[in-house]
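Here is a brisk report on one protein model. Keep the sequence and the 3D view open while reading.

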Amino acid sequence: MKAVLASIRGSRAARIALWAVGTILAVPVAFFLAAAILGLIPANAGWTEAERGTTIFVRSNGVHTWIVMPKVSEAIDWRPYAPPSHLADSRYGRASHVAIGYGNREFYLNTPTWGDLTVSTAFFAAFGNGPTLLHVDHVHDPRPDELQRPIVLRPEEYRRLAEFVRVRFQLDGAGRTIPVLGRGYGPSDMFYEAEGGYSFVLTCNEWTGRALRAAGVRTGLWTPLEQSIMWRLD
């Protein structure tokens, strides 16, 4: 009798273990499947690129994306939001463009390279919905290449894009952006406190996708991965 009970308990434990493993494996599979399907379905399906207008770029490092915009235009002047005085070397503030990206605060500040990534940082970035930062890099005279794709926007499209990005800057009581001084990756960039959360639903790349969709650009319905963004710009 004892042997029978032990066998039942053992089989039950095995079923529970198999269920747990299956559930753990199903989550990333479901994520990548949803990313693939929704990335293929376009928002703003009828959009066409303007022949003339404001040229922006979508920049990638293979994992993360930024939106590169002229520092000064009729739509917006980014200099008050990211002044040269915030940089480790203010000379980079003379650059013609700003590249702005969005991400989890803990991930941005404590994972400068993939070798610094920890399981806890990745988990809380995906599921913790923690505070966020905007990363602003000052870029001079950007050119199209494999990791930097141009898009020409009409004036109203660029205005909508710029407004989407602008309101993500968190402001202090005096209406100024809030830099995380001394925590840039190099002499030309700075982090700023941002509005909004971060999760596996709203990733850095989905934020880029939302900005492009707000402008009216043809983009996937959900773009959590770098590939979700960049393949349409080939």
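The report covers the sheet, its helices, the core and the aromatic rings.

This is a predicted model: local features need pLDDT of at least 70, side-chain atom pairs count only at pLDDT 80 or more, and totals for chains, interfaces and linings use all residues. Residues are numbered from 1 along each chain as its sequence is written, and side-chain values use heavy atoms, without hydrogens and water.

**Sheet and helices**

Six strands form an open sheet in the order β6-β2-β3-β4-β5-β7, with antiparallel pairing. Strands (E, at least two residues) and helices (H or I, at least four) are DSSP runs, numbered from the N terminus. Two strands pair if DSSP finds at least two bridges between them. β6 (148-153) and β7 (189-193) stand at the edges with a single partner strand each, so one side of each has no neighbour in the sheet. On average, neighbouring strands of this sheet are turned by 25 degrees against each other, direction ignored. Strand β5 (residues 132-139) runs antiparallel to β7, and five bridges join them.

Axes are lines fitted to C-alpha atoms, for helices over the stretch in contact, and angles run from 0 to 180 degrees between N-to-C directions. Contact means heavy atoms within 4.5 Å.

| Helix | Strands touched | Angle to β3 |
|---|---|---|
| α4 (residues 155-166) | β2, β3, β4, β5 and β6 | about 125 degrees |
| α5 (residues 204-215) | β2, β3, β4, β5 and β6 | about 40 degrees |

**Core**

The largest nonpolar core has 37 residues; I56, M69, W78, I100, Y158, L161 and W207 touch the most other members. Such a core is a set of buried Ala, Val, Leu, Ile, Met, Phe, Trp, Tyr and Cys residues joined through side-chain atoms within 4.5 Å. Buried means under 20% relative accessible area (1.4 Å probe, protein chains only). Beyond its neighbours within four places in sequence, L161 contacts I56, I67, M69, L153, A211, L212 and A215.

**Aromatic rings**

The structure holds eight aromatic pairs. Rings of Phe, Tyr and Trp (its six-membered ring) pair if their centres lie within 6.5 Å; planes under 30 degrees apart count as stacked, over 60 as edge-to-face and the rest as tilted. W78 and Y81 pair edge-to-face, at 5.7 Å centre to centre and 65 degrees between the planes. W78 is buried, at 2% relative accessibility. W78, Y81, F169 and Y192 form one aromatic cluster.

Note on methods: Buried means under 20% relative accessible area, exposed over 50%, partly exposed in between (1.4 Å probe, protein chains only).
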